[in-house]
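Reader: I'd like a close look at one part of this fold, taken slowly. Could you walk me through the pairing in the sheet?

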Amino acid sequence: MGWGKWKPDGTGQQKTEKITVNKDGSRKEESLRTNEGSKQDHQHTWIDKDSSGNLKGGGATPGKSSK
């Protein structure tokens, strides 16, 4: 599945999400967050889970740069 539509997140920012399910049942849940809806200037977070839904890892890029 691809990225969803940008939606307000209640904090004044915009957010979009994507979930990728692998053949083995494991999944990667990702989100992009930004003030301007730009995929070039955003914060990217992700969570990796095994087929049982247990956390395997994850991470995040630095937040949006200030202008």
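Which residue in β5 stands opposite Trp 46?

Author: That's Gly 59. Before going further, a quick word on the ground rules: this is a predicted model, where local features need pLDDT of at least 70, side-chain atom pairs count only at pLDDT 80 or more, and totals for chains, interfaces and linings use all residues. Residues are numbered from 1 along each chain as its sequence is written, and side-chain values use heavy atoms, with hydrogens and water left out.

Strands here are DSSP runs (E, at least two residues), numbered from the N terminus, and two of them pair if DSSP finds at least two bridges between them. On that basis, β4 (residues 43-49) and β5 (residues 55-60) pair in the antiparallel sense, with five bridges.

Now look at β4's other partner. β3 (residues 27-34) runs antiparallel to β4, and seven bridges join the two. Here Lys 28 stands opposite Asp 48 in β4.

Zoom out and you get an open sheet of five strands, in the order β1-β2-β3-β4-β5, with antiparallel pairing. β1 (7-8) and β5 sit at the edges with a single partner strand each, so one side of each is left without a neighbour in the sheet.

Key:
Helix = DSSP H or I, 4+ residues; strand = E, 2+ residues; numbered from the N terminus.
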